[in-house]
Amino acid sequence: MIQTPVTSRTKLDNVGTTIFSVIGELSRRHDAINLSQGAPNFACDSELIKGVTRAMENNHNQYAVMTGYELLRQRIAEKVQNVYGRCYDVDSEVLVTASASQAIYSTISALVHPGDEVIYFEPSFDSYAPIVRLQGATPIPLKLVAPEFKINWDEVRATISSKTKMIIINTPHNPTGQVLSKQDLDELAAITRNTDIAILSDEVYEHIVFDQQPHCGMASHEELAARSVIISSFGKTFHVTGWRVGYCVAPQGLMDEVVKVYQFLMFAADTPMQYAFAEYMKDPQTYLHLGQFYQHKRDLMIESLADSPFHIIPSSGSFFLLASYGHLSQEKDSDVVTRLIKEQGVATIPLSAFYTDSTDNKMIRLSFAKDDATIKSGAAALCQARFD
Ligand SMILES: Cc1ncc(COP(=O)(O)O)c(C=O)c1O
């Protein structure tokens, strides 16, 4: 008999299938309106599709240069320079990756060693802590306190030890929709000054900031830029999450290490997509209006929920907002989400899924990366929610 090796030890205990797959499956079974996933349900610009098709027809179908198609790296560097005023060297400080997820993995894997500690903030995007654990390091979650979900910098200061190797920042923030201010950046700079702490700054929603606020990313801050790997996602910016292309920028000393890992993880991102993005990004208007585009959707969602039983937590960026029901019921958020799918036919995500200890703030996360009809019908279904 052929024997399959038995894995008696897991590297990731307490990790199951992601909540997004679980809710997605339940949502499909009940044919629910899906406000759960952070992926648009509308089409991308057809110019992008034409660009990919053209690249394929022009025979750009083999491995790209490992760090990314040169023109795309140039466009990224131009964008960062124009938007944040920071200059990154096209050859040694810009890396195109196969998704932001992969840039996150490469960065943590390259910079974090066994025994190190990595501070991050919960609620949190789900990949950070498991990737830190896979390095034999310890993730240290600090809680953002509801309903403002601001970082308590005194707590960060008190948590830093000689083992702290990295702080993970995510602004605009998934799932809360909060953004860091210039003052936050100054606090972070002061806390990390004269240390060896690297910053992984997950800025995949960098162009989705509302109410005329600037995006306070690490590239806008000289001192922080010097210790940061800044990560973004073409999937989020151009409504093509399935294409799996992202990038990171970092000073050469950090980038050299990230590239060492990336070359063995992926070698190079998809070639035709890189050609299409390079062509498309020639016009900065393709990404500069994204904030306005999603602000309309945020406002439509809030307006359409006016008669719902939920309290809405203001969202300043990303394409998420939180809705709270704690004033009405103490029901578990995961039970509420399941009930909403089955009873009202609308899928959302329980906020507790973004905590390692399943903290239950009695809140659900809604995605407004949806066409207007879906936003209206999803919100209408949420208006029918009942709490006894
Ligand atoms: C905060 C955050 N970081 C990273 C990602 C992953 O981006 P990508 O699809 O480019 O891997 C997501 C996707 O939902 C996200 O919300």
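Which residues surround the ligand, and which are the closest? In this predicted model, the ligand is surrounded by 14 residues. The closest are S101, D202, Y205, S233 and R244.

Three of these residues place polar side-chain atoms against ligand oxygens. For S101, a polar side-chain atom lies 2.6 Å from an oxygen atom of the ligand. For Y205, the distance from a polar side-chain atom to a ligand oxygen is 2.6 Å. For S233, the corresponding value is 2.8 Å. Taken alone, the ligand exposes 390 Å², and the protein buries 92% of that area.

The shell around the ligand comprises 6 nonpolar, 5 polar and 3 charged residues. Helix α4, spanning residues 100-111, gives the most to this shell, with 3 residues. The space taken by the ligand is the second largest pocket.

The largest pocket has a volume of about 720 Å³. Its lining consists of 24 residues. Closest to the centre of this pocket are N14, D126, A353, Y355 and T356. Two elements, β3 (117-122) and α5 (128-134), each give two or more residues to the lining. The leading contributor is α5, with 4 residues. By class, 11 residues of the lining are nonpolar, 10 are polar and 3 are charged.

The structure holds 3 cavities of 30 Å³ or more. The volume of the largest cavity is about 180 Å³. It is lined by 17 residues. Nearest the centre of the largest cavity lie L144, I151, N170, H173 and L180. Both β3 and β5 (164-170) supply at least two residues of its lining. Strand β5 gives the most, with 3 residues. The lining of the largest cavity has 11 nonpolar, 4 polar and 2 charged residues.

The second largest cavity has a volume of about 60 Å³. Its lining is formed by V80, Y84, E203, E206, A219, I230, I231, S232, Y247 and V249. The elements that give two or more residues to this lining are α3 (70-84), β7 (228-233) and β8 (246-249). The largest share, 3 residues, comes from β7. By class, the lining of the second largest cavity has 7 nonpolar, 1 polar and 2 charged residues.

Methods:
Residues are numbered from 1 along each chain as its sequence is written. This is a predicted model: local features need pLDDT of at least 70, side-chain atom pairs count only at pLDDT 80 or more; totals for chains, interfaces and linings use all residues. Side-chain values use heavy atoms; hydrogens and water are left out. A residue is near a molecule or strand if one of its heavy atoms lies within 4 Å of it. A polar contact is a pair of N or O atoms within 3.5 Å; within protein, one must be able to donate a hydrogen and the other to accept it, and residues adjacent in sequence count only if both atoms are side-chain atoms. Accessible areas come from the Shrake-Rupley method with a 1.4 Å probe; for residues, only the protein chains shown count as cover. On a 1 Å grid over the protein atoms alone, a cavity is a set of points where a 1.4 Å probe fits but cannot get out, and a pocket is an open set with protein on both sides within 12 Å along at least five of seven lines; lining residues have an atom within 4 Å of a point. A molecule sits in a cavity or pocket if more than half of its atoms lie within 2 Å of its grid points. Ala, Val, Leu, Ile, Met, Phe, Trp, Tyr, Cys and Pro count as nonpolar, Asp, Glu, Lys and Arg as charged, and the others, Gly among them, as polar. Grid points are joined across faces, edges and corners, and a volume is the space filled by probe spheres set on the points.
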